[in-house]
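Dear colleague,

Please find below the structure that I am handing over to you, followed by a summary of what was found in it.

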Amino acid sequence: MERTFACDVNKSTESNLMVRGWIHKIHDLGQITFIHLRDKTGIVQLVIDKELRENLRLEMSIEACGERVINEKAPKGVEIQVKELKVLGKAHYDKLPFEINSYKQKASLEKQLDFRSLSLRAPKVRAIFKVQEEIAEAFKNYLKSLRFSEIHTPKIISSSTEGGSEMFTVSYFDRRAFLSQSPQFYKQMMVGAGFERVFEIGHAYRAELHNTWRHLNEYVSLDVEMGFIKDEFDIMDVEEGFINYLYAHLRETCKDELALYNITLPEVVKIPRMPLSEAQELLLEKFNKKSPVGNIDAEGEIILSKYVKETYDSDFIFLTKYPVSKRPMYTMPDENLPGMTRSFDLIFKGLEITTGGQRIHDYEMLKSNIEKFGLNPDDFSFYLDSFRYGMPPHGGFAIGLERLTMKILGLENIREATLLPRDMKRLEP
Ligand code: AMO
């Protein structure tokens, strides 16, 4: 007999079915027992006799065959009256580390992460990763519809892309190498290599000493780079288009998951755009909140987002025109605003989820900018050389996948939106 998944049991026209999964709940009622069997698609109710009940424990994996019977009280209105039952994966525990069949998880996040193969089984946790999978799918589909090509670039690299000292070093035969902070150089190079429009979904590594609710030392970066642009506003249009596409996609593919988290996504997202200096003034004048030079801090992002929600009814805001001193050496200066760049951040519900902008595309200008930043052009020759052969005006952005997932679902800690987080304290599981 072929296996039927839980989500198909109520649609099936067969009178006898075979299902497989994990024992989610056991409810003993004297002669008979109700079992909620969980598979990757949902939960189905099994009814079993006393003799089959013996030896069954929570979270064992089993196979059950039996008759499909209508029962209004069962999940989705159908149950299986089991005739044969096989244990496929035995239980090797005295006591489960925590319950995974209750609506609200009582174990601490750290404990859930310690036992990740168990905590991920809880339907509400699994929902996070269904949403995350669909974010990546929407990213791919949206960009492909705009003629972007998917690329895969190396993560073992020879030099920093984002500046700063937040690099993990790797011993690479007789040399020292680094783990990539961003595919920045390679995505730009591929624009010039004739791909014109590229995207990548890949890991990025940051050795930053921040153990916070919004920092990981390894995260998934959704990267975009686009050639032949007019200015940075073309890039913001692409990102705004993605958010609208994404929301429509999630409404269609993640109805149950969004409902579990009580999330209603707006039909249309129109993102206000505000120069950074204006945001800083606003924070100071309206909220008496001082900002660091050339940026706003985490508290500022939260206050600003509340203001934007109340004033423009938007969960997002683009901050534009960051100063040269606060952006990496590849960022295009704004010829109309001395000291400023054609770059932006996207803030979503109080958290920066994106940095992007137009890049310098002229060889001489890039070379002299590298020098202005106190760096040696020879260290970047593989990157710089690719600008000798008619590099078009271009720009792009990157979104942190875990940050986006976290904010869409209203989670409090980025680790909840990370399958197997890496942070300053955690290298396992
Ligand atoms: P940036 O360094 O701002 O820009 O990173 C882009 C986005 O990546 C996510 N992110 C992180 N997420 C979790 N933990 C971290 N430690 C972390 N660091 C960054 C954030 C952030 O907004 N090359 C540029 C992008 C570009 O201009 O195309 C860059 O990497 O969501």
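The second largest pocket has a lining of 28 residues, and those nearest its centre are Lys40, Thr41, Gly42, Arg126 and Glu257. Please bear in mind that this is a predicted model. Strand 2 (32-39), strand 3 (42-49), helix 4 (123-145), helix 6 (232-253) and helix 7 (255-260) each give two or more residues to this lining, with helix 4 providing the largest share, 5 residues. By class, the lining comprises 11 nonpolar, 5 polar and 12 charged residues. The space in this second largest pocket amounts to about 890 Å³.

The largest pocket holds about 1,200 Å³ of space, and it is the space taken by the ligand. Its lining is formed by 43 residues; Glu166, Arg206, Glu208, Glu352 and Thr355 lie nearest the centre. These 43 residues divide into 14 nonpolar, 13 polar and 16 charged. Strand 15 gives the most to this lining, with 5 residues.

As for the ligand itself, 23 residues surround it, the closest being Gln184, Glu208, Glu352, Thr355 and Arg359. Strand 15 (351-358) also gives the most to this shell, with 5 residues.

- Glu352 places a polar side-chain atom 2.4 Å from an oxygen atom of the ligand.
- Lys187 has a polar side-chain atom 2.7 Å from a ligand oxygen atom.
- Gln184 has a side-chain N or O atom 2.7 Å from a nitrogen atom of the ligand.

Of the 640 Å² of accessible area that the ligand has on its own, the protein covers 94%.

With kind regards

Terms used. Residues are numbered from 1 along each chain as its sequence is written. This is a predicted model: local features need pLDDT of at least 70, side-chain atom pairs count only at pLDDT 80 or more; totals for chains, interfaces and linings use all residues. Side-chain values use heavy atoms; hydrogens and water are left out. A residue is near a molecule or strand if one of its heavy atoms lies within 4 Å of it. A polar contact is a pair of N or O atoms within 3.5 Å; within protein, one must be able to donate a hydrogen and the other to accept it, and residues adjacent in sequence count only if both atoms are side-chain atoms. Accessible areas come from the Shrake-Rupley method with a 1.4 Å probe; for residues, only the protein chains shown count as cover. On a 1 Å grid over the protein atoms alone, a cavity is a set of points where a 1.4 Å probe fits but cannot get out, and a pocket is an open set with protein on both sides within 12 Å along at least five of seven lines; lining residues have an atom within 4 Å of a point. A molecule sits in a cavity or pocket if more than half of its atoms lie within 2 Å of its grid points. Helices (H or I, at least four residues) and strands (E, at least two) are DSSP runs, numbered from the N terminus. Grid points are joined across faces, edges and corners, and a volume is the space filled by probe spheres set on the points. Ala, Val, Leu, Ile, Met, Phe, Trp, Tyr, Cys and Pro count as nonpolar, Asp, Glu, Lys and Arg as charged, and the others, Gly among them, as polar.
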